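Student: I have a model open and a few things to ask about it. Can we go through it piece by piece?

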Amino acid sequence: MNLDLSGKRAVVCGSTQGIGLASAIELSQLGANICLVARNKEKLESALSQLDVSNGQKHDLVVVDFSNPTDVENAAKTYLDKVKQVDILVNNTGGPKGGLAIDAPVEEFLAAFNMHLVCNHHLVRVFSESMKTNGYGRVVNIISTSVKIPLKGLGVSNTIRGAVASWSKTLANELGAFNITVNNVLPGATNTVRLKSIIENKAAKTGDSIENVSKSMVSAIPMGRFAEAEEIANTVAFLCSPAASYINGVNIPVDGGRTGSM
């Protein structure tokens with residue numbers, strides 16, 4: 001099975017921690033040159049030092065805030081002008097805050113739509129031209145299992161993640177002829193800062209202990225534990241590899257079997 005990404009260049013968003021950083025590390029271990037993207041330069045520089053360089057990989061970083069889609073588009077154009085080639089794009093952005101959809105002001109939906117879908121779209125529009133030219137492209141969107149079954153208490157996130165999944169499937173149909181695949185990875189509960197925040201918020205709202213909330217969440221997972229970020233990253237890296245050349249337009253839950261649908 002060909003997992004070799006030597007000579008490929010991957011742009012990985014939200015890559016200073018959690019699933020984004022784990023994905024960047026895994027892709028670098030397969031030989032790819034990585035561009036880390038996030039808003040905090042210090043954290044980006046720390047993450048950069050964790051990437052594999054054993055085969056002469058050259059890594060760099062781009063500092064940009066995804067709350068401003070125009071800045072993201074301009075940063076992508078500037079980076080592509082510099083490197084000329086991007087083969088892989090991993091879209092990954094921290095999820096919207098929790099709460100019921102009915103209670104969310106319109107502004108929360110608009111901000112999440114811009115941060116997740118509009119920024120993703122800018123990046124694909126910019127980098128897909130390079131992918132078409134080189135005859136190789138991989139776009140992987142890290143979303144959520146909520147695109148299969150909405151999750152309680154994540155109203156805005158459920159809504160926007162669903163929109164991103166539909167957008168992704170549409171792009172898969174449009175770009176497949178250019179040997180560009182577009183797929184979604186749907187992480188379940190994963191040991192990240194985001195999960196810790198969700199557990200703490202739920203404990204605060206219910207008055208229950210963090211330990212009990214955590215146990216309750218784990219009890220819904222057939223494998224009886226939370227995922228590690230590296231386990232999600234393994235799926236991301238596979239989808240970016242030559243071995244996944246005929247996988248296109250799919251949503252892949254990586255959740256230990258939690259999602260109650262096919």
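Student: Is Thr145 buried or exposed?
Tutor: Thr145 is buried, because its relative accessible area is 2%; buried means under 20%, exposed over 50%, partly exposed in between, with a 1.4 Å probe and protein chains only. This is a predicted model: local features need pLDDT of at least 70, side-chain atom pairs count only at pLDDT 80 or more, and totals for chains, interfaces and linings use all residues. Residues are numbered from 1 along each chain as its sequence is written, and side-chain values use heavy atoms, with hydrogens and water left out.

Student: Where is Thr145 in the fold?
Tutor: In the loop between strand S5 (137-142) and H5; helices (H or I, at least four residues) and strands (E, at least two) are DSSP runs, numbered from the N terminus.

Student: What does its side chain pair with?
Tutor: The side chains of Thr145 and Arg258 make a polar contact of 3.0 Å, that is, N or O atoms within 3.5 Å, one able to donate a hydrogen and the other to accept it.

Student: Which residues does Thr145 touch?
Tutor: Leaving aside neighbours within four places in sequence, its contacts (heavy atoms within 4.5 Å) include Leu186, Pro253, Asp255 and Thr259.

Student: New topic. How many residues are in the largest nonpolar core?
Tutor: It has 37 residues; such a core is a set of buried Ala, Val, Leu, Ile, Met, Phe, Trp, Tyr and Cys residues joined through side-chain atoms within 4.5 Å. Leu89 is among those with the most contacts inside it.

Student: What does Leu89 touch, sequence neighbours within four places aside?
Tutor: Its contacts include Val11, Leu123, Phe127 and Arg138.
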